[in-house]
Amino acid sequence: MSDTVWVRSDDWVGTEVDGSYVMVNVETGKYISLNETAAAIWQALDTPQTDGRIGAYLSERFEISPQDCATAVSDTLATMRDMSLVSAEAA
C-alpha cells in the first residue's frame, strides 16, 4: 500500500439502517448503501488516513491476511473515489 492520504467528502452523510450503512449526498440527493467493507473504510476515515493504516485496521477487524486486505482496500477506495465519496491527497 502507498502513503496516499484518503479524506471523506463533506457532501456525503450516512448512518446504519437495519444492518446496512446508507449514505446520501446532501448536494444531489443521490443515495447509496455501502457493503460491510466500504462501511468500515468510511468509519475509519473519520479522520484522514493513509491506505496503509486503513488496511491495518481492517486486517485486524476482519481477521484477514494483509495481502487480501490490501487488495480489498485498494479496490474499495478506488470505487469510493469514482463515486466522489472520498478523495486522495499525496502524503
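Of the 91 residues in the protein chain, 34% are buried, where buried means under 20% relative accessible area, exposed means over 50%, and partly exposed lies in between (1.4 Å probe, protein chains only). The coordinates are those of a predicted model, in which local features need pLDDT of at least 70 and side-chain atom pairs count only at pLDDT 80 or more, while totals for chains, interfaces and linings use all residues. Residues are numbered from 1 along each chain as its sequence is written, and side-chain values use heavy atoms, with hydrogens and water left out.

**The whole chain**

Start with the protein chain in cartoon view, where three helices and six strands can be picked out; these are DSSP runs, numbered from the N terminus, with helices (H or I) of at least four residues and strands (E) of at least two. Followed along the sequence, the elements give the pattern β-β-β-β-α-β-α-α-β. The C-alpha trace spans about 35 × 30 × 20 Å along its principal axes. Among contacts (heavy atoms within 4.5 Å) between residues at least 6 apart in sequence, 55% join residues at least 24 apart. Switching to a surface view, the protein chain exposes about 5500 Å², of which carbon and sulfur atoms supply 46%; accessible areas come from the Shrake-Rupley method with a 1.4 Å probe, and for residues only the protein chains shown count as cover.

**The open sheet**

Next select E5, E1 and E6, three strands that form an open sheet in that order with antiparallel pairing. Strand E5 (49-50) and strand E6 (86-89) are the edge strands, each pairing on one side only. Strand E1 (residues 5-8) pairs with E5 in the antiparallel sense over two bridges, and strands count as paired if DSSP finds at least two bridges between them.

Move to Val13, which is found in strand E2 (residues 12-17) and counts as partly exposed because its relative accessibility is 42%. Together with Val24, Val26 and Tyr31, Val13 makes a nonpolar surface patch of about 390 Å². Patches are made of residues with over 30% relative accessible area and no salt bridge, like charges being joined within 9 Å and nonpolar side chains (Val, Leu, Ile, Met, Phe, Trp, Tyr) within 5 Å; a salt bridge is a side-chain nitrogen of Lys or Arg within 4 Å of a carboxyl oxygen of Asp or Glu.

Val17 also lies in strand E2 and is partly exposed, with a relative accessible area of 40%. A distance drawn from the C-alpha atom of Val17 to that of Leu34, 17 residues apart along the chain, reads 11 Å. Asp18 is then found in the loop between E2 and strand E3 (20-25), where its phi is near 50°, a positive value in a residue other than glycine. At 80% relative accessibility, Asp18 counts as exposed.

Finally, select Ser59 in helix H2 (residues 51-62), a residue that is buried, with a relative accessible area of 15%. Leaving aside residues up to four places away in sequence, Ser59 touches Ile64, Ser65, Pro66 and Cys69. In the loop between H2 and helix H3 (66-82), select Glu63, which has a phi near 50°, a positive value in a residue other than glycine. Glu63 counts as exposed, at 74% relative accessibility.
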